[in-house]
Every structure is written in C-alpha cells, then in structure tokens.
Amino acid sequence: SLAAVKYNGIKNLSLQAWDYYAHDIVNIVYLQGDYGWNCLMNSNVKMKASVQYIHENDVGDSLADDIDSDYVGLKLAAKYNVLSGYVAYSTTGSDSDNTLGSSIITPWGGMPAFTQGMVTRHQFFADTDAWKVAGNYNFKNFGVNANATLYYCSYDVGKNNPYKNGTAWTATESGFDIKYYPANVKNLQLRFRGNFPRDFAEGVDWDEYRFIVNYNF
C-alpha cells in the first residue's frame, strides 16, 4: 500500500510525505522539505535548502526480520546562470545488536538519497555518516544543448555496519555525467558517465565507464 501528500501552499516551500506499507514486512515513512530563495549577496544566485527523513520499522509477521532504522539527509544547493552545485550530508542510526535492522532497506526503483553515488549506496548502512559535493555546467551559452556534472562522495562507515560488521572504514566515489542532445536528431540523448569508487570495501577499487543512448518516441 502507498499513500502520499504534497503541499505547495507557501511561496518557495515544498513539502511531501510518503508512506510505503509492505504487509507483514516493513513500513517506510519518507518526508522531504525544500525551501528556495534568492541569495542576499546576489539576487541572481538561486539558493535551495532541503531536508529528508526516512524511518523504517517491521510490521505484522516481520518476514524480513526486525527493522528499526532512521536516516536524515541535508542539502544546500545554488544556481547561477549556467553553473549549479550542491553539498549534502546524511547520517543513519546505529544499533550494535541489530545492524541489518538499523540499516535502510531500499525497495525504490530510483534513489532518493541526497548523498548517493552512481554505484555506492553506503549512505544507507547503519552507523554511517556521508557527504557529497557536486557541480553542473550547462553549455547553452556555446550554442550546445549539453551539460556536465562532476561529483565526489565520502562514506564514513562505522563498525556497526552490516556489510563488514566490526570493521570501520571510509569509502569514496568520484565521477562524472555528461548529457548531450544533438540538434539534428529530435528526442535523442547521448550520455557518457564514469564512476571511480575507492575502498568500496577495504582494498576494492575500480573504474567504470558507461555510454548510453536514449531515444524517446
């Protein structure tokens, strides 16, 4: 079962609340608030502050075992002309007796976390603090319908994580994402992406590149 409420009745403020209920498995509450304003030092700079919260708990017959987890994320974004960027932070709760149940289960097809990497999802481990910085540049001033994003994420994984329980370490991921829309082919997107995790688990590093063609019809 799913229920959602969105509210935009206050200028520059957006609020939303979602409840996902998987019977006899888990109930997930997702809350998000976004507030935008013009920068006081330069009104051409558009600012936005966002907060998100997730709470999960097992329900009914608890077929996925005990779950009691919390996640909080914060993001501050800015946009000026063709340049935009943001910095984000998140933290999860920790229960040394229930590390898996203190982590966030992610049943979504998309990923709502402010601190997500392209492939690294450690921000949802129990006992983890994460931060991310990202910047985007739009090439429209050069007459090109394209934009490029660079990002860097860091995950301070505590000992009470479920992936390597008893081991604390810091994982990182950097990457880029370039989108190009050829002017002579309507509805075509060419996309080139790369991600470079370091210490995904201790000593596990890789470089990955993706070339994607999307065509809408």
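In the predicted model, Arg 210 and Glu 208 are joined by a salt bridge in which the closest N and O atoms are 2.9 Å apart, a salt bridge being a side-chain nitrogen of Lys or Arg within 4 Å of a carboxyl oxygen of Asp or Glu. Arg 210 is partly exposed, with a relative accessible area of 25%, and Glu 208 is likewise partly exposed at 25%, where buried stands for under 20% relative accessible area, exposed for over 50%, and partly exposed for values in between (1.4 Å probe, protein chains only). The structure holds 4 salt bridges. Asp 177 forms one with Arg 191, with the closest N and O atoms 2.5 Å apart; because Asp 177 belongs to strand 9 (residues 169–180) and Arg 191 to strand 10 (residues 188–198), this pair ties together parts that are 14 residues apart in sequence. Asp 177 also forms a salt bridge with Arg 193, here with the closest N and O atoms 3.4 Å apart, and since Arg 193 lies in strand 10 and Asp 177 in strand 9, the pair ties together parts that are 16 residues apart in sequence. Both Asp 177 and Arg 191 are buried, and Arg 193 is buried as well.

Residues are numbered from 1 along each chain as its sequence is written. As this is a predicted model, local features need pLDDT of at least 70 and side-chain atom pairs count only at pLDDT 80 or more, whereas totals for chains, interfaces and linings use all residues, and side-chain values use heavy atoms, with hydrogens and water left out.

The chain contains 0 helices and 11 strands, these elements being DSSP runs numbered from the N terminus (helices are H or I with at least four residues, strands are E with at least two). Of the 217 residues in the chain, 35% are buried, and the C-alpha trace spans about 55 × 50 × 45 Å along its principal axes. Among contacts with a separation of 6 or more, 49% are made by residues 24 or more positions apart, a contact meaning heavy atoms within 4.5 Å.

The surface carries a nonpolar patch formed by Val 51, Val 72, Leu 74, Leu 76, Val 87, Tyr 89, Trp 131, Val 133 and Tyr 152, which together have about 730 Å² of accessible area. Patches consist of residues with over 30% relative accessible area and no salt bridge, with like charges joined within 9 Å and nonpolar side chains (Val, Leu, Ile, Met, Phe, Trp, Tyr) within 5 Å, and the areas come from the Shrake-Rupley method with a 1.4 Å probe, only the protein chains shown counting as cover for residues. Strand 5, strand 6 and strand 7 each supply at least two residues of this patch, and strand 5 gives the most, with 3 residues. Tyr 152 lies in strand 8 (residues 146–157) and is partly exposed, at 34% relative accessibility. A negative surface patch is made up of Asp 65, Asp 66, Asp 68, Asp 95 and Asp 97; of these, Asp 68 lies in strand 5 (residues 68–80) and is partly exposed, with a relative accessible area of 49%.

Trp 108 is placed in the loop between strand 6 (83–92) and strand 7 (128–138), and at 17% relative accessibility this residue counts as buried. When residues up to four places away in sequence are not counted, Trp 108 touches Tyr 20, Ile 28, Ile 54, Glu 56 and Phe 124.

Notes: Lys, Arg positive; Asp, Glu negative; His and termini not counted. Charge placed at Lys NZ, Arg CZ, Asp CG, Glu CD.
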